[in-house]
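Hi everyone, thanks for coming.

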Amino acid sequence: MTLRVYNTLTGSKEEFETIEEGKVKIYSCGPTVYDYFHIGNARAFVVPDIIKRYLEYKGYQVTHVLNFTDVDDKMIKRADEEGINIQQLADRFITAFFEDAQALNLKKADFYPQATEHISEMIELIKDLLTKDYAYQSEGDVYFRIEKFDDYGKLSKQKVEDLEAGARVDVSNKKENPLDFTLWKRASEEPRWDSPWGAGRPGWHLECSVMSRKYLGDRFDIHTGGVDLVFPHHENEIAQSEACCGQQVVNYWLHNGYINIDGEKMSKSLGNFFTTREILSKYPAKVVRLFLIAKHYRSPINFSDQELENTATGLARLENAIEKINYLVEQEAVAGQLDGTELKELATEKKEKFMAAMDDDFNTALAIGALYELAKEVNRFVNSEDFELTQSVKEVLVEIEQLFKELGEDVLGIELTAEAGKDEQLVDSLVELLLDVREEAREKQEYQLADQIRDRLSELGVEVKDTPQGSQWKLS
RNA sequence: GGUGGCAUAGCCAAGUGGUAAGGCCGAGGACUGCAAAUCCUCUAUCCCCAGUUCAAAUCUGGGUGCCACCUCCA
């Protein structure tokens, strides 16, 4: 199966081909580190994480860059309010970013460049653009001359004339064209850096052009970000990079949809947002993650507690099936005739469905459906009348356990298997002991005692389930 | 005004030509000493109108409604 991805640049799904065989280079627009990131931002980090995981699963060697914007108006304003400098502000929220990212089970990127560490490279790029006449100076500022760049608007599918018509009135007459955007902005106060055009700050769009080139090269495969970045951010990034390099820089532009609240975009400016850490304090991280990938990445997701609750219930169903497998796999096989071939074929079928779904523009919603179907087949099989844990069946269950691990945990990043810690060994033994006693009571039909044991274990957070294969338990 | 997108059961959500995956909730049943878990069954003429086709949720045209971008925003 070949992977197909929807490319914003062409407006269609295309077969995915790498620039360099077996390698994929990805650049993701990261956060402006002036605050904790909200659940909508989280989606923009989880989406490339899934893409990266799936590509790695398919055998590609992935290089991933995620940047931190640490200088812009929001940073300066916030730092002023806090009475600290932007460096301190950035440090604080970059630390917070990594805490939340780890909770969300985001794999580490290979590089986390910061804008302020690349000022000199940005200045070099501006010089180059000036030399090539794609930029001009105006009263200490430097602007990009969009009219000079013929392809301007190709990403957002907008005509320059239409954009001009819709452009907000620009009071300053510094620009030749209201759509020209800032490459260098004169600044009399800190933060500011020296440049051939006087002290100032870089324009926002510049950092991504500079840092993607520095860490990924003149051309790379995938660029991700939220749809709101299509225009102007990515449009301008293309203009800068391509004006400078004279060739197409990014092959595939992938944009994720928003998280909405009551049908409206979640955003800091509207004030209708929840920070990721707020959400993580209320729901297990894997539930949050599953919620974020339960819908196709380009569609909007409406955020609600109800949906998070539903997701949690659904996840428990998947986990129950896997716990059952984990339990069975640890039991001794019995002699018998039951053959696992049929179950194995079903598992293979579901895996193929999963892969086909992911190959179709990372259709996680459909892929998750395949996982649920597999769980159902397993439940059906192990709960059937003639079920017996023969060696053949056990082998297939081990394979299915592995499959859930690969697809659910490695690709989707959702922890599905209960992992026993070292200090839980004693707990294990003690609970097993009590369950042995309870089993004896049950055999003697002393149900009152049996129930008492179960109830009191329940009070202690140990849930007991009686199944035809024996009593199972887990910590609730 | 320009541009892009969306409209599928009570809710969430897949599905680009051959009479609708999956999840949540609900009803009934099976299993069970009781629970829990699980399984089975039931619940959709796919926003409206017209057209193309042997055949349309899926293509075309026209409506209606909603969202987003054009200003910082994932």
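**A network of charges**

Let's start here: R438, E439, R442, D451, R454 and D466 are linked in a network of salt bridges. By a salt bridge I mean a side-chain nitrogen of Lys or Arg within 4 Å of a carboxyl oxygen of Asp or Glu.

A quick word on the background. This is a predicted model, where local features need pLDDT of at least 70 and side-chain atom pairs count only at pLDDT 80 or more, while totals for chains, interfaces and linings use all residues. Residues are numbered from 1 along each chain as its sequence is written, chains are lettered from A and ligands numbered from 1 in the order in which they are written, and side-chain values use heavy atoms, with hydrogens and water left out.

What is the N to O distance between R454 and D466? In this salt bridge it comes to 3.7 Å. R454 lies in helix α15 (residues 447–459) and D466 in strand β14 (residues 462–467), so this pair ties together parts that are 12 residues apart in sequence. Helices here are DSSP runs of H or I with at least four residues, strands are runs of E with at least two, and both are numbered from the N terminus.

Buried means under 20% relative accessible area, exposed means over 50%, and partly exposed is in between, using a 1.4 Å probe and protein chains only.

Now let's visit two other pairs. E377 and R380 form a salt bridge with 3.4 Å from N to O. Both sit in helix α12 (residues 364–382), 3 residues apart, which is about one turn of the helix. E377 counts as buried because its relative accessible area is 14%.

The other pair is D305 with K282, whose closest N and O atoms are 3.4 Å apart. This one links distant parts of the chain, 23 residues apart: D305 is in helix α10 (residues 305–329) and K282 in helix α8 (residues 276–282). D305 is partly exposed at 33%, whereas K282 is exposed at 52%.

Finally, let's zoom out. How many salt bridges does the structure hold? There are 38. Chain A has 15 helices and 15 strands, and buried residues make up 50% of its 476 residues.
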